[in-house]
Amino acid sequence: MKLAPAAPMTARVPLTALVDVVFILLFFFMLASRSLDWRVLEIDLGETAIDAGLQAPPPNNAFLVLPNGELHNGDGQMALADAIGFYQRADSNAGIALLPAPETASQTLIDALDAFTAIGVQVTLTRLPTQ
Amino acid sequence: MRLKSPAPASESNHGMLPLINIVFLLMIFFMLVGAVSVPDAFEPEPIRSEALRSAERDPHSLLISADGRFALGPDEFRGQEIEQVLSRWRIKNPDQALSVRAGARVRAEVLLNTIEAAKRAGVQEVVLLTRRRP
C-alpha cells in the first residue's frame, strides 16, 4: 500500500487576535501605571522662632523668606542671590535658619533651601510662632 | 507589450510582525517602569527641588493641597484629625519614614506645621517628596 506523503506543516499563528490582546494590555499598563521621578528632600525642622530665641528682625544667620522670594535678615531685605552673596562674604561656617513668612508658598521656601544647600550650607527650617 | 502580472498578495501576516514587536516592547517597558497602584485622594501640584536622592512613590504619602485638603494615600481627612491619623499610621508603620507630598502653592507655614504635627504624633522621620526641576 502506498501512503500519500504528509502535507507540509504550515504554522499559522492568528496574529490579529494576538495583536488585539497585546494592544489592550499595552493600554492598560499605559493608563494604570505611574512613572514619575520622585526625589526625597529631608527636612531639618528646628524650633519655632520664639523657642529658638529669634526676635524680629531676625539675626544675620536667620532669613525670613518673603512671598516674592526675597529674603529678610538683620541687614534688611534682599534678593535670594544677594542673600547668598551676603552669607558667603560673612565667611561663616555656621548653618542658617529659614523662616517662611505667613503667605510664603512651599515652592518659594524650597527654592531658598535649594540655593543655600547648593553652596554647602546646613539649613534648618523654622517657623514663626503661631498666632 | 505584455505587462508582468502583479505578484499575488501574500496571505500571511508577515507585515504585522514588526508592529507586534514594537507593541510588545512598549508593553514590557510600561510593565517594568510603571507601578500600578490605587489612585490617591488628589494629586497636589508637586514641589520642584534640586534634591538628588530618588525615591519610589509611596502609596501612603501624606498629601496636602493648596486648598487645605489632607489625605493619607487614598483616604482624605480633615486637618484637625492629623495627629490621630498619623498616630494610627505610626503604629502600623513603626520604622517607616513618613513621606509628605505637598502642593507647590501650599503655604510653607502649613507644611511646616504639618511636619511638626507628625513629630508630635511620634513619627521619627519625615521626608518631603519633590519632583526634579526640569
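Predicted model: local features only at pLDDT ≥ 70, side-chain atom pairs only at ≥ 80, totals over all residues.
Residues are numbered from 1 along each chain as its sequence is written, chains are lettered from A in the order in which they are written, and side-chain values use heavy atoms, with hydrogens and water left out. Local features need pLDDT of at least 70 and side-chain atom pairs count only at pLDDT 80 or more, while totals for chains, interfaces and linings use all residues.

To start with the overall picture, 52 residues of chain B touch 39 residues of chain A, where contact means heavy atoms within 4.5 Å. Together the two chains bury about 4500 Å², with 64% of that on carbon and sulfur atoms (buried area is the accessible area, with a 1.4 Å probe, that two parts lose on being put together, summed over both).

Strands meet here as well: β2 of chain A (residues 38-42) pairs with β8(B) in the antiparallel sense over 5 bridges. Strands are DSSP runs of E, at least two residues, and helices are runs of H or I, at least four, numbered from the N terminus; two strands pair if DSSP finds at least two bridges between them. Within this pairing, V40(A) sits opposite L129(B).

As for charges, there are 2 salt bridges between chain B and chain A, a salt bridge being a side-chain nitrogen of Lys or Arg within 4 Å of a carboxyl oxygen of Asp or Glu. One of them joins R133(B) to D111(A), with the closest N and O atoms 2.8 Å apart. On the side of chain B that touches chain A, α1(B) gives the most, with 9 residues.
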